[in-house]
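Reader: Walk me through this one. I would like to learn how to read a few of the features.

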Amino acid sequence: MVDQVRDDGAMFRRALFVNADASDTARLLTRQVLDKWGLAELQDDAETIVGEFVANVAAVQAQGTLFGLRLILDRTWVVIEVHDHSADEPRWPAPAQELDLLAESGRGLFMVRALANQYGHRFTSGRIKIVWATLSVPFAYGNGPESVTEAGRAPSSVSECR
């Protein structure tokens with residue numbers, strides 16, 4: 001598959017297939033992109049978030065179904081997005097909700113909540129679900145264009161955001 005990268009290098013996008021290796025592949029790509037951007041200190045948190053988002057896609061989509069991974073860098077944020085065609089909304093934990101250690105599922109989005117600065121999901125007019133999270137860049141990164149900065153802002157149509 002061909003990676004789509006903006007001319008300024010501040011956006012990475014790849015279509016992937018739901019399969020047994022999807023989560024590993026998405027985490028590896030995330031690690032490589034963040035390394036290229038000089039953001040190795042965000043790799044572990046970003047990989048955890050990507051892994052949880054992809055695991056949720058794999059739980060509701062058939063094997064072989066396409067989904068998308070997109071990473072956006074602006075001067076202060078890395079935006080992590082996973083796109084799929086499922087109508088299922090993520091069940092984000094409520095702000096005061098505590099983790100049930102005995103629950104059989106649901107721990108992944110607690111981890112996302114703990115690691116991300118902001119998180120949420122939205123549906124496009126084309127019925128694509130975008131689940132997203134942001135991580136703070138530990139330094140002002142480059143002089144990227146304002147359009148990238150705007151892409152890092154939480155969308156106004158987000159159904160859940162912290």
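Author: Start with one residue. V50 touches A26, R27, T30, L69 and I80, leaving aside residues up to four places away in sequence. Contact here means heavy atoms within 4.5 Å.

Reader: What kind of model is this, and how are residues numbered?

Author: This is a predicted model: local features need pLDDT of at least 70, side-chain atom pairs count only at pLDDT 80 or more, and totals for chains, interfaces and linings use all residues. Residues are numbered from 1 along each chain as its sequence is written, and side-chain values use heavy atoms, with hydrogens and water left out.

Reader: Is V50 buried or exposed?

Author: Buried means under 20% relative accessible area, exposed over 50%, and partly exposed in between (1.4 Å probe, protein chains only). V50 has a relative accessible area of 0%, so it is buried.

Reader: Which element holds V50?

Author: Helices (H or I, at least four residues) and strands (E, at least two) are DSSP runs, numbered from the N terminus. V50 is found in helix α2. The buried residues of α2 also include I49, F53, V54 and V57.

Reader: How far is V50 from R70?

Author: They are 20 residues apart in sequence and 9.9 Å apart in space, C-alpha to C-alpha. In β4, the bridge partner of R70 is E81.

Reader: How do β3 and β4 pair?

Author: Two strands pair if DSSP finds at least two bridges between them. β3 and β4 (residues 77–84) pair in the antiparallel sense over six bridges. They form a hairpin, with three residues between them.

Reader: Which strand pairs with β3 over seven bridges?

Author: Strand β2 (residues 11–17), also in the antiparallel sense. M11 has I72 of β3 as its bridge partner.

Reader: Why is β3 largely enclosed?

Author: Seven of its eight residues (66–73) are buried, so the rest of the structure largely encloses β3.

Reader: And the whole chain?

Author: It has four helices and six strands. Along the sequence the pattern is β-β-α-α-β-β-α-β-β-α. Buried residues make up 43% of the 162 residues. Of the contacts with a separation of 6 or more, 67% join residues 24 or more positions apart.
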